[in-house]
Amino acid sequence: MSVLKQSSNHPSTNQHVYDQPFFKSLIRRSSNYLSAGYPVHYTGPSGIGKTTLAIHVAKQRNKPVTLLSGNKDLTNDDLIGAYKGYSRKKLNDNFVRTVQKIEENVTEDWVSGHLYEAVKHGHTLVYDEFTRSSPETNNLFLSVLEEKILPLYGSKSKDSHVRVHPDFRVIFTSNPAEYIGVYDTQDALMDRMISIPLNAMSLEAEVAVVMERTKMKQKKAEAIVRFVREVKKSMDEKEDFLSLRASIMIADIAEKTSVRVDGKDEAFQNLCLDMTYFSVLSMTKDEEKARKIILDHCKKV
């Protein structure tokens with residue numbers, strides 16, 4: 001379990017990113033939904049910044065933030081807790097020389113689960129990539145969100161459940177259903193959250209993210225974002241095709257290796273090809289066509 005603690009009151013380095021109209025509206029709406037008691041769900045392709053945004057929104061509530069990552073091996077014991085290991089106390093009383101008294105006490109140790117701690121103490125839980133966990137494991141959230149209780153079945157606890165703290169809130173993130181390693185989510189759980197897609201960011205928002213992640217100047221960052229967008233447009237802008245991460249990687253490598261952001265520069269052309277060729281080829285199935293599409297758009301930078 002990761003509990004994210006509040007840092008100082010100085011503005012974060014990515015504060016200007018969330019000053020963009022796209023993010024300001026999104027953050028304001030999300031905060032309102034959470035304040036009203038509803039969980040928020042950010043969904044979109046990998047690399048678009050769902051987790052970073054979820055943590056940012058969670059911290060705005062000024063409550064402890066718990067980060068939980070979904071995976072297929074996540075169990076109820078991980079979420080609720082379990083008795084794991086033993087503690088042994090042994091007393092050897094030989095006060096009277098001719099009498100030896102030995103007392104031994106063995107007890108099981110309780111280890112609280114991620115969800116248990118967040119529910120009990122009123123944390124804001126960021127459940128990252130929750131669809132990577134099995135639906136059976138995620139069923140616990142139905143009771144948490146609807147009945148406001150966390151069942152403790154299977155924990156050998158004397159209590160049957162824990163009441164959900166009034167301050168407890170959840171922000172979910174997920175990739176689209178067609179991603180590898182993702183489970184279909186039960187409708188009952190989806191019906192209890194407000195899902196907000198993040199696959200349609202504005203140009204200004206994408207540029208701001210690239211600038212924040214790579215420290216690149218605006219003019220160069222915008223040129224790279226436009227290049228990736230044009231390549232996507234030529235492929236009918238498939239949702240899972242060339243995410244924002246492609247722009248970030250091109251910008252980051254260009255900055256770190258002093259590659260000029262110039263479509264006439266061979267090093268920049270090779271960088272654009274290396275970052276996008278495989279994705280474009282997977283769509284066109286034609287090597288020459290893939291290279292031509294990339295280089296045609298790259299040379300316009």
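By class, how many nonpolar, polar and charged residues does the lining of the second largest cavity have? The lining has 3 nonpolar, 6 polar and 1 charged residues. Ala, Val, Leu, Ile, Met, Phe, Trp, Tyr, Cys and Pro count here as nonpolar, Asp, Glu, Lys and Arg as charged, and the others, Gly among them, as polar.

The model is predicted: local features need pLDDT of at least 70, side-chain atom pairs count only at pLDDT 80 or more, and totals for chains, interfaces and linings use all residues. Residues are numbered from 1 along each chain as its sequence is written, and side-chain values use heavy atoms, with hydrogens and water left out.

Grid points are joined across faces, edges and corners, and a volume is the space filled by probe spheres set on the points. The count comes to 2 cavities of 30 Å³ or more.

The largest cavity holds about 120 Å³ of space. It is lined by 15 residues, and Tyr-18, Phe-23, Gly-49, Val-209 and Arg-213 are the closest to its centre. By class, this lining has 9 nonpolar, 3 polar and 3 charged residues. Helix 1 (21-35), helix 2 (50-59) and helix 8 (203-214) each supply at least two lining residues. Helices are DSSP runs (H or I, at least four residues), numbered from the N terminus. The largest cavity lies between domain 1 (3-79 + 112-197) and domain 3 (203-299), because both give residues to its lining. Domain bounds come from an automatic or database domain assignment.

The second largest cavity holds about 30 Å³. Among the residues that line it are Phe-130, Pro-135, Asn-138, Tyr-183 and Asp-184.

Helix 8 also packs against two other helices. Axes are lines fitted to C-alpha atoms, for helices over the stretch in contact, and angles run from 0 to 180 degrees between N-to-C directions. The axes of helix 8 and helix 9 (residues 218-234) come within 9 Å and cross at roughly 120 degrees. Helix 8 and helix 10 (residues 244-257) pack at about 40 degrees, with axes 9 Å apart. Helix 8 and helix 9 are therefore oblique to each other. Helix 8 and helix 10 are likewise oblique. Angles under 35 degrees count as roughly parallel, over 145 as roughly antiparallel, 65 to 115 as roughly perpendicular and the rest as oblique.

Definitions and conventions:
1 Å grid on protein atoms, 1.4 Å probe; cavity = no way out; pocket = protein on both sides within 12 Å on 5 of 7 lines; lining within 4 Å.
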